[in-house]
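Here are my notes on the model you sent over.

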Amino acid sequence: MTWTIDRTNQFKKNFAHLPNHIQEKRKKAFLIFLEDPFHASLNTHKLQGDFSLYHSSSINYAYRFLTIIDFENKKITLINIGNHSFYK
């Protein structure tokens with residue numbers, strides 16, 4: 001079974017504003033994510049507090065993407081992408 005992937009409008013908007021080299025790195029990171037969401041290079045982890053529904057995965061030191069991962073239904077919702085500023 002393959003993953004179903006949804007993107008929020010916020011994710012689409014923020015992705016479009018990323019520098020091209022970060023967009024390319026995100027594509028590579030996401031291919032790894034689809035194979036293994038917890039691959040060591042992604043540093044995927046469950047968030048806490050107001051963000052407890054989400055997982056955060058790293059693109060590089062400065063950029064990350066937020067997801068909701070529904071393992072039972074194999075569904076990924078891409079919530080947001082950017083630097084740490086979207087946690088505020």
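Predicted model: local features only at pLDDT ≥ 70, side-chain atom pairs only at ≥ 80, totals over all residues.

1. Start with the two helices, H1 (residues 9-16) and H2: their axes come within 9 Å and cross at roughly 130°. Helices here are DSSP runs of H or I with at least four residues, strands are runs of E with at least two, and both are numbered from the N terminus. The axes are lines fitted to C-alpha atoms, for helices over the stretch in contact, and angles run from 0 to 180 degrees between N-to-C directions. H1 and H2 are therefore oblique to each other (under 35 degrees would be roughly parallel, over 145 roughly antiparallel, 65 to 115 roughly perpendicular, and the rest is oblique).

2. Who makes that contact? From H1 the residues are Phe-11, Phe-15 and Ala-16, and from H2 they are Gln-23, Arg-26 and Lys-27; contact means heavy atoms within 4.5 Å. The contact of H1 with H2 divides into three nonpolar, one polar and two charged residues.

3. Residues are numbered from 1 along each chain as its sequence is written, and side-chain values use heavy atoms, with hydrogens and water left out.

4. Now the core. The largest nonpolar core has 15 residues, and those with the most contacts inside it are Phe-11, Phe-30, Phe-33, Phe-65, Ile-76, Leu-78 and Ile-81. Such a core is a set of buried Ala, Val, Leu, Ile, Met, Phe, Trp, Tyr and Cys residues joined through side-chain atoms within 4.5 Å, where buried means under 20% relative accessible area, exposed over 50%, and partly exposed in between (1.4 Å probe, protein chains only). H1, H2, strand S4 (64-70) and strand S5 (75-82) are the elements that give two or more residues to this core. H2 supplies the largest share, four residues.

5. Have a look at Phe-65. Setting aside residues up to four places away in sequence, Phe-65 touches Phe-11, Arg-26, Ala-29, Phe-30, Phe-33, His-55, Ser-56, Ser-57, Ile-59, Leu-78, Asn-80 and Ile-81.

6. On to the rings. Rings of Phe, Tyr and Trp (its six-membered ring) pair if their centres lie within 6.5 Å; planes under 30 degrees apart are stacked, over 60 edge-to-face, and the rest tilted. By this rule there are seven aromatic pairs. Phe-30 and Phe-33 form a stacked one, 5.5 Å centre to centre with 15° between the planes. These two sit three residues apart in H2 (residues 20-35), so about one helical turn separates them, and both are buried. The pair of Phe-51 and Tyr-54 is tilted, because the ring centres are 6.1 Å apart and the planes are at 50°. Phe-51 is partly exposed, at 21% relative accessible area. Ring pairs also link Trp-3, Phe-38 and Phe-71 into a cluster.

7. Is Thr-67 buried or exposed? Thr-67, in strand S4, counts as buried at 0% relative accessibility. Beyond residues up to four places away in sequence, Thr-67 touches Phe-33, Leu-53, Tyr-54, His-55, Ile-76, Thr-77, Leu-78 and Ile-79.

8. The loop between H2 and S2 deserves a look too. Thr-44 is found there and is buried, with a relative accessible area of 11%. The C-alpha atoms of Thr-44 and His-55 are separated by 6.4 Å, although the two are 11 residues apart along the chain. Asn-43 lies in that loop as well, partly exposed at 48%, and its phi is near 50°, a positive value in a residue other than glycine.

9. One more backbone point: Lys-74, in the loop between S4 and S5, has a positive phi of about 55° although it is not a glycine. At 23% relative accessibility, Lys-74 counts as partly exposed.

Conventions
Nonpolar A, V, L, I, M, F, W, Y, C, P; charged D, E, K, R; others polar.
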